[in-house]
Amino acid sequence: MTLNEIIINHLKQVRRRSTMLWESLPKEYYNWKPDNDAMTAIELIRHVLQADYGWNIIINQGDMTNYTTPWENLPYTSVQDELEFASPHRQTFLDSIKKFTQKELEEIQIIHPGNGEKKNLAAYLLRIGYHESVHAGQFLSYLRAMGIDRPFIWD
């Protein structure tokens, strides 16, 4: 298995589990949040999904100066609509990863615009999976606080 395949498999497994969680959310809880400073459940889902668009720009060393996403001003409707809207952006992101050589994954340096941290591309891509995993844990705590049965994601 190549490094690209390992990274893509990792990202797909994380997303598969996130999707299981998100799809368990009843519509009446879309706007639930644990406190006034937190994202609502549907905002948290969108935050994770739209990140792929930004990650793709970053890993391809695009300009993030005037960053906006295709989700800008898009109304929240349903989890399924969020997943469908995100799907082509996710595929573009994964396709970008496939194009990198082993050497590029090891040698390209990525500076994250949010915090200025510098990582090689492979490490940066794995960190993206960690970002989503953290939010999956956050979402699990949302579901627990809502009193909703949490799907078993550990298979």
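Where is asparagine 73 found? In this predicted model, asparagine 73 belongs to the loop between helix 2 and helix 3. The residue counts as exposed, at 76% relative accessibility. Its phi is near 65°, a positive value in a residue other than glycine. Most residues other than glycine have a negative phi. Glutamine 61 has its place in the loop between helix 2 and helix 3. Although glutamine 61 is not a glycine, it has a positive phi, of about 55°. Its relative accessible area is 53%, and because values over 50% count as exposed, glutamine 61 is classed as exposed.

The packing of helix 1 against helix 5 was examined next. Two packed helices are described by the angle between their axes and the distance between the axes. Helix 1 covers residues 3-23 and helix 5 covers residues 121-146. The two pack at an angle of about 15°, and their axes are 10 Å apart. Helix 1 is therefore roughly parallel to helix 5, since angles under 35 degrees are counted in this way. The crossing of the two helices is left-handed. On the side of helix 1, the residues that meet helix 5 include Leu3, Ile7, His10, Leu11, Val14 and Trp22. On the side of helix 5, the residues in the contact include Leu125, Leu126, Ile128, Glu132, Phe139 and Leu143. By class, the contact has 14 nonpolar, 4 polar and 2 charged residues.

Leucine 126 is a residue of helix 5. With its neighbours within four places in sequence left aside, leucine 126 is in contact with Ile7 and His10. Leucine 126 and isoleucine 8 are 118 residues apart in sequence, while their C-alpha atoms are 9.2 Å apart in space. At 39% relative accessibility, leucine 126 counts as partly exposed.

Histidine 135 is also found in helix 5. Its relative accessible area is 13%, and because values under 20% count as buried, histidine 135 is classed as buried. Not counting residues up to four places away in sequence, histidine 135 touches Met39, Leu44, His47 and Val48.

In soluble globular proteins, nonpolar side chains tend to be buried together. The largest nonpolar core in the model has 23 residues. Within this core, Trp22, Leu25 and Phe139 touch the most other members. Helix 1, helix 2 (41-59), helix 3 (79-99) and helix 5 are the elements that give two or more residues to the core. Phenylalanine 139 is in contact with Leu21, Trp22, Leu25, Ala41, Leu44 and Ile45, leaving aside its neighbours within four places in sequence.

Alanine 51 counts as buried, at 13% relative accessibility. The C-alpha atoms of alanine 51 and isoleucine 148 are separated by 26 Å, and the two residues lie 97 residues apart along the chain.

Notes:
Residues numbered from 1 in each chain as written. Predicted model: local features only at pLDDT ≥ 70, side-chain atom pairs only at ≥ 80, totals over all residues. Heavy atoms only, no water. Axes fitted to C-alpha atoms, helices over the stretch in contact; angles between N-to-C directions. Helix = DSSP H or I, 4+ residues; strand = E, 2+ residues; numbered from the N terminus. Parallel < 35°, antiparallel > 145°, perpendicular 65-115°, else oblique. Left-handed = near helix turned anticlockwise from the far one by under 90°. Contact = heavy atoms within 4.5 Å. Nonpolar A, V, L, I, M, F, W, Y, C, P; charged D, E, K, R; others polar. Buried < 20%, exposed > 50% of the residue type's maximum accessible area, 1.4 Å probe, protein only. Core = buried A, V, L, I, M, F, W, Y, C linked by side-chain atoms within 4.5 Å.
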